[in-house]
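Reader: I am new to this structure and would like to learn how to read its features one at a time. Please show it to me before we start.

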Amino acid sequence: MTKLNLFDSAGHKNVLLEDATHEGAVQANQHLIVHNGKGMLLDPGGHRAYNQVMADVSSELPLKDLEVLFLSHQDPDIVAAINGWLMTTDATAYASKLWKRFIPHFGMDHLVEHRLLEIPDQGMRLSLNGCELLFLPAHFLHSCGNFQVYDPVSKILYTGDLGASLGNQERVVTDLAGHIPLMESFHQRYMAGNAVMRAWANMVSTLDIECIAPQHGAVMQGKAVVQQFIDWCRHLACGIDLVEGVMRVPQ
Ligand code: FE
């Protein structure tokens with residue numbers, strides 16, 4: 001699947017990069033935000049994706065202008081190649097303070113460790129060359145130290161694993177009905193519980209969102225599907241709500 005511009009206007013661009021997933025690995029999206037020539041790469045991915053993601057980013061801007069690497073949480077499909085990214089760029093990486101001391105176990109050179117900065121639990125605002133991006137807390141969706149990014153220019157909410165779908169043919173969907181079967185079992189098992197989903201739904205309902213862009217599967221484009229998705233999350237039983245059924249001694 002080729003790369004896709006989710007937004008492109010007046011020096012601000014949001015690109016869903018080419019699909020670099022190899023067989024046997026869960027499909028993963030890499031997203032790039034460029035504002036007036038400076039870039040932020042979200043969830044850069046693992047070693048097998050590294051070369052292609054690097055080539056894709058380089059086709060959008062000079063690598064020296066990649067300023068920020070955002071890590072929504074600690075999983076290998078997000079973080080595994082972080083050492084390569086820090087060694088070959090001057091970018092600063094951001095991850096939850098809960099994961100800062102775990103991420104070096106992926107094999108981070110001590111020369112670059114100081115460029116991994118922590119996001120406080122309550123989230124933060126970060127200026128990308130003058131564009132103020134929000135790092136929103138989304139803890140327990142699914143990781144205990146988890147963040148999402150809201151871009152107020154494109155009105156895209158980058159949700160990490162929330163909104164993930166598996167087995168998609170399309171990269172963009174505009175209606176939720178046919179999409180739920182590709183999301184449901186993943187959310188039931190990976191998301192921590194309905195109380196957290198409701199807290200998230202309340203938080204993001206205060207934002208003006210045109211597009212939900214997850215780290216796996218299709219992007220949900222348009223206000224109608226965004227609202228449907230938030231409502232679906234608000235009412236979904238998941239995680240500890242369903243744990244009774246699986247806590248049994250294996251036979
Ligand atoms: Fe994950």
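Reader: With which side chain does the side chain of Tyr158 make a polar contact?

Author: Keep in mind that this is a predicted model. A polar contact is a pair of N or O atoms within 3.5 Å. Here the side chain of Tyr158 pairs with the side chain of Asn14 at 2.9 Å.

Reader: Where does Tyr158 lie, and what is it in contact with?

Author: Tyr158 belongs to strand S11, which covers residues 156-160. Setting aside neighbours within four places in sequence, its contacts include His31, Leu42, Gln148 and Ala213. The C-alpha atom of Tyr158 is also 6.0 Å from that of Ile212, although the two residues are 54 residues apart along the chain.

Reader: Is Tyr158 buried or exposed?

Author: Buried means under 20% relative accessible area, exposed over 50%. Tyr158 has 3% relative accessibility, so it counts as buried. Asn51, in helix H1 (residues 47-60), has a relative accessible area of 61% and is therefore exposed.

Reader: Which residues hold the protein donors of the iron ion?

Author: The donors are His73 and His142, each through NE2, and Asp75 and Asp161, each through OD. They lie 2.0 to 2.3 Å from the iron ion. Their spacing in sequence is H-x1-D-x66-H-x18-D. Both His73 and Asp75 are buried.

Reader: How many salt bridges are found in the whole structure?

Author: A salt bridge has a side-chain nitrogen of Lys or Arg within 4 Å of a carboxyl oxygen of Asp or Glu. The search finds eight. One of them joins Asp65 and Lys38, with N to O at 2.9 Å. Asp65 is in the loop between H1 and strand S5, and Lys38 is in strand S4, so this pair ties together parts 27 residues apart in sequence. Asp65 is buried, at 9%, whereas Lys38 is partly exposed, at 22%.

Reader: Which residues are linked in a network of salt bridges?

Author: The network links Lys155, Asp208, Glu210 and Lys223. Lys223 bridges to Asp208 at 2.9 Å and to Glu210 at 2.7 Å. Lys223 is in helix H6 and Glu210 in the loop between H5 and S13, so that pair ties together parts 13 residues apart in sequence.

Methods: Residues are numbered from 1 along each chain as its sequence is written. This is a predicted model: local features need pLDDT of at least 70, side-chain atom pairs count only at pLDDT 80 or more; totals for chains, interfaces and linings use all residues. Side-chain values use heavy atoms; hydrogens and water are left out. Helices (H or I, at least four residues) and strands (E, at least two) are DSSP runs, numbered from the N terminus. Buried means under 20% relative accessible area, exposed over 50%, partly exposed in between (1.4 Å probe, protein chains only). Contact means heavy atoms within 4.5 Å. A polar contact is a pair of N or O atoms within 3.5 Å; within protein, one must be able to donate a hydrogen and the other to accept it, and residues adjacent in sequence count only if both atoms are side-chain atoms. Donors are N, O and S atoms within 2.8 Å of the metal (3.2 Å for Na, K and Ca); water is not among the atoms, so sites may look incomplete.
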